[in-house]
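Today I wanted to look at a ligand site and the pocket around it.

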Amino acid sequence: MRIPKALSPRLQNLLLRRFGVYEKVKPAETTPSRIVPEHIEKPDYVLGKLLNTSKKPEIKNEEQIKGMRNSCNVAANILKIIQAFVQPGVSTDDIDELVHILSLEAGAYPSPLHYKGFPKSVCTSVNNIAVHGIPDLRPLQNGDIVNVDITVYFNGYHGDCSKTFLVGDVDDHGLQLVHATEECLNQAINICGPDVPFCDIGFRIHRVAKRHKLTVLPAFVGHGIGKYFHGPPEIYHTQNRYPGLMKPGMTFTIEPVLSHGKENTILLEDGWTVITEDGARAAQAEHTVLITEDGAEILTK
Ligand code: MF3
Ligand code: CO
Ligand code: CO
């Protein structure tokens, strides 16, 4: 097929199916924020007394590490339960309800809820939504990919993880994107350990993505995590010069976002939803890791 050069990029992409076969989504109508009972301990930003985090990455003691293990376990368990629930016909708002209830049942607060004004208990990003999708009433469709990003605040600590799920039968482009994104995360975790530069993570992810002919979206970084949701260090997922070395007792997330297309993204008027500019799909995977004496441990396994 000959594609006339004068066609708009949208039509060119459509005719070439350059990024695979999928529905481009936009935010839809949703339900009100869910309610958290009194007895659930709330994080600083909900209570209006913001924690001040130090400028340097924190080195956690045994007690703090125990707190991180517990919160990360809760987050990872909820993500596992969600897996079987992600099916055609289920809306991302249904996923929000499930994450909300499972968090409360575990005695945890769903960290996204009212974080800097985010209205829901989880982030759900479908197809061309890169990150921070707000759960809504659109039923998931066969062929969608959806990232579910779960963070909980449990006993004074946040635990953060995400995974991109396949809804029914996903086309080959989509499968490859999701699998390559997981490979990027795993390879990045494998190089972590004492005295490894933070910036090595980005170089490794860039290399793996390039081998798969995929693009790392540079706008999104991993982060230190603890009693605070986001703190130092910043973890870049592509080539960078961020200074500093990993040390035992540090906990941070790695959360690369990959796409078939260009690296540009657009923040929508809701102030949260970020879409790819070219409409290509994006996938993300995230773990919270702990640097140990001889490597790194995945706390959200
Ligand atoms: N969980 C996301 C992260 O990985 C942050 C979401 S912020 C929210 O850092 F407000 F959108 F929830
Ligand atoms: Co997250
Ligand atoms: Co995170």
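My entries below go from the ligand to its pocket and then to the pocket lining.

Entry 1. A reminder to myself before anything else: this is a predicted model.

Entry 2. I asked which residues come nearest to ligand 1. I found 14 residues around the ligand, and Pro-112, His-223, His-230, Glu-255 and Glu-286 come nearest. Sorting that shell by class gave me six nonpolar, four polar and four charged residues.

Entry 3. Next I went through polar side-chain contacts to the ligand. Glu-255 puts a polar side-chain atom 2.7 Å from an oxygen atom of ligand 1. For Glu-286 I read 3.0 Å from a polar side-chain atom to a ligand oxygen. His-223 also has a side-chain N or O atom 3.0 Å from an oxygen of ligand 1. I then looked up the cover: on its own the ligand has 340 Å² of accessible area, and the protein covers 97% of that.

Entry 4. Where does ligand 1 sit? I located it in the largest pocket. I noted about 610 Å³ of space there.

Entry 5. I counted 25 residues lining this pocket, with Tyr-115, His-132, Val-221, His-223 and His-230 nearest its centre. The elements giving two or more residues to the lining are strand 2 (123–126), strand 4 (145–154), strand 7 (222–224) and strand 8 (231–235). Strand 4 has the largest share, three residues. By class I got 10 nonpolar, nine polar and six charged residues for the lining.

Note on methods: Residues are numbered from 1 along each chain as its sequence is written. Chains are lettered from A and ligands numbered from 1 in the order in which they are written. This is a predicted model: local features need pLDDT of at least 70, side-chain atom pairs count only at pLDDT 80 or more; totals for chains, interfaces and linings use all residues. Side-chain values use heavy atoms; hydrogens and water are left out. A residue is near a molecule or strand if one of its heavy atoms lies within 4 Å of it. A polar contact is a pair of N or O atoms within 3.5 Å; within protein, one must be able to donate a hydrogen and the other to accept it, and residues adjacent in sequence count only if both atoms are side-chain atoms. Accessible areas come from the Shrake-Rupley method with a 1.4 Å probe; for residues, only the protein chains shown count as cover. On a 1 Å grid over the protein atoms alone, a cavity is a set of points where a 1.4 Å probe fits but cannot get out, and a pocket is an open set with protein on both sides within 12 Å along at least five of seven lines; lining residues have an atom within 4 Å of a point. A molecule sits in a cavity or pocket if more than half of its atoms lie within 2 Å of its grid points. Ala, Val, Leu, Ile, Met, Phe, Trp, Tyr, Cys and Pro count as nonpolar, Asp, Glu, Lys and Arg as charged, and the others, Gly among them, as polar. Grid points are joined across faces, edges and corners, and a volume is the space filled by probe spheres set on the points. Helices (H or I, at least four residues) and strands (E, at least two) are DSSP runs, numbered from the N terminus.
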